[in-house]
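Please open the sequence and the 3D view side by side before reading these notes. Each point can be checked by finding the residues it names.

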Amino acid sequence: MISKDMFDEFALPYLREQTQWLDKSMYHLDGVDAIKHLDSVLSLENLNALQWTPGAGQPDGGDETWDFIYEKALDHEKSIYALVAPWNIPRFVKKFGKKGVYIVTMAKDQAMADAIVAGKY
């Protein structure tokens with residue numbers, strides 16, 4: 001994994017340039033080793049959203065372990081894209097609300113999907 005200093009020197013200028021010519025932009029922060037780049041990514045003025053993926057073997061993206069990531073993103077006026085297990089959705093929505101939040105989840109069948117949407121899962 002690239003160091004924070006190298007990320008800031010070699011990647012951040014190009015990300016800044018890309019966010020300036022895109023209408024909407026999202027950065028995919030992938031895995032616990034990438035957390036060290038969170039502040040740098042959130043410093044991008046024209047970045048619209050942050051997608052966090054914890055990686056294999058880590059708690060679900062909606063687990064409270066990762067709340068600090070979503071809190072920082074929302075504090076920087078970035079929307080968040082979160083991969084949240086159905087059982088974590090109620091806590092996640094209660095904590096972060098619905099504004100600027102996009103949740104991706106999964107359901108094993110239509111009944112489960114209906115229950116999730118109705119807030120009864």
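Predicted model: local features only at pLDDT ≥ 70, side-chain atom pairs only at ≥ 80, totals over all residues.

1. Start with strand β3, residues 79–83, and strand β4. The two strands run parallel and are joined by four bridges. One place to look is Ile80, whose bridge partner in β4 is Val101. Between the two strands the chain passes through α4, and this β-α-β crossover is right-handed.

2. Next, find the largest pocket, which holds about 200 Å³ of space. Its lining consists of Ile89, Val93, Gly97, Lys98, Val101, Ile103, Thr105, Ile116 and Val117. Which elements each supply at least two residues of this lining? They are α4 (89–96), β4 (101–104) and α5 (110–117). By type, the lining residues divide into six nonpolar, two polar and one charged.

3. Leu83 lies in strand β3. Is Leu83 buried or partly exposed? Its relative accessible area is 28%, and the buried class is kept for values under 20%, so Leu83 counts as partly exposed. Setting aside residues within four places in sequence, Leu83 is in contact with Gln51, Trp52, Thr53, Asp60, Gly61, Gly62 and Val104. Gln51 is 32 residues away along the chain, and the C-alpha atoms of Leu83 and Gln51 are separated by 8.4 Å.

4. Pro54 is in the loop between β2 (49–53) and α3 (67–75). Beyond residues up to four places away in sequence, Pro54 touches Gly31, Val32, Pro59, Asp60, Gly61 and Trp66. The C-alpha atoms of Pro54 and Val32 are separated by 6.0 Å, although the two residues are 22 residues apart along the chain. Asp60 and Gly61 are among the contacts of Pro54 and also among those of Leu83.

5. Thr19 is found in helix α1, residues 4–21. Thr19 counts as buried because its relative accessibility is 7%, and buried means under 20%. Apart from neighbours within four places in sequence, Thr19 is in contact with Ser25, Leu44, Asn46 and Leu47.

Technical notes: Residues numbered from 1 in each chain as written. Heavy atoms only, no water. 1 Å grid on protein atoms, 1.4 Å probe; cavity = no way out; pocket = protein on both sides within 12 Å on 5 of 7 lines; lining within 4 Å. Points joined across faces, edges and corners; volume = space filled by probe spheres on them. Nonpolar A, V, L, I, M, F, W, Y, C, P; charged D, E, K, R; others polar. Pairing = 2+ DSSP bridges. Right-handed = clockwise from strand over helix to strand, strands pointing away. Contact = heavy atoms within 4.5 Å. Buried < 20%, exposed > 50% of the residue type's maximum accessible area, 1.4 Å probe, protein only.
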